[in-house]
Amino acid sequence: MAKTLEDIELILTGHGYPCRRDQDACVKTEIPTRAYKNVAGARSITVHLAFDQANGCLTVDAPWAFDSRLATHKEAMYACLMAASAETPLVKTQLHPADGEVRLRVDHFAGTDGVPAEGVLKSLSLIPVFADRWYPHIKDAMEKGDFDPSKPAKSEPESPRTSLVAVCERAGGINRVKALLRIRSRDRRDDGTG
């Protein structure tokens, strides 16, 4: 169970997520993505995890997931964000109209014992899944003024490095992959096939 930021950091690093702390306000991690590109053009999304004591929840959010100031068609972008939120109810899209920041957020109830490790990891995983699923549609809405969420979005092909990183993430991180390879190697030696 996670009750503190230190607990969150231990859970994330134990599952292969790189973490850093920002003035003890939150734990930050960067997750590779397949389709989504952040505002800098990289295939990754930065996620912040913090406890919201006032509301009794763990907040998992991706600040500046999108920049509405870059949208040629803001209304279409907002409509697409609303459609995305309706299709994925656990992920909230939040707009700060003054500076154009669009943030993705997941809240997980934190009981008196905290948040279970599975809850932390599941809440965290929802952000890149949402970003990958909706990025092509949101980008079309921003640039072309239209989107069709019923059609599968076309994304650019993955690089081999991106594919490898995705496999590592699904397995629980690079440390978990290394452990699995050691186990497999040991099993092959034991049965005489390796």
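Leucine 70 sits in the loop that links strand 4 (57-67) to helix 2 (74-87); helices (H or I, at least four residues) and strands (E, at least two) are DSSP runs, numbered from the N terminus. This is a predicted model, in which local features need pLDDT of at least 70 and side-chain atom pairs count only at pLDDT 80 or more, while totals for chains, interfaces and linings use all residues. Residues are numbered from 1 along each chain as its sequence is written, and side-chain values use heavy atoms, with hydrogens and water left out.

Is leucine 70 buried or exposed? Its relative accessibility is 58%, so leucine 70 counts as exposed (exposed is over 50% relative accessible area, buried under 20%, partly exposed in between, with a 1.4 Å probe and protein chains only). Leucine 70 and methionine 142 are separated by 72 residues in sequence, yet their C-alpha atoms are 7.6 Å apart.

Now let's turn to serine 44, which belongs to strand 3 (residues 44-52). Serine 44 is buried because its relative accessible area is 9%. Leaving aside residues up to four places away in sequence, serine 44 touches Glu30, Ile31, Pro32, Thr33, Tyr36 and Asn38, where contact means heavy atoms within 4.5 Å.

Next comes the nonpolar core, a set of buried Ala, Val, Leu, Ile, Met, Phe, Trp, Tyr and Cys residues joined through side-chain atoms within 4.5 Å. The largest one has 42 residues, of which Ile8, Leu12, Ile45, Leu49, Phe66, Leu104 and Val120 touch the most other members. Elements giving two or more residues to this core include helix 1 (5-14), strand 3 and helix 3 (117-144). Helix 3 supplies the largest share, twelve residues. Among the contacts of leucine 12, not counting residues up to four places away in sequence, are Leu49, Val120, Leu121 and Leu124.
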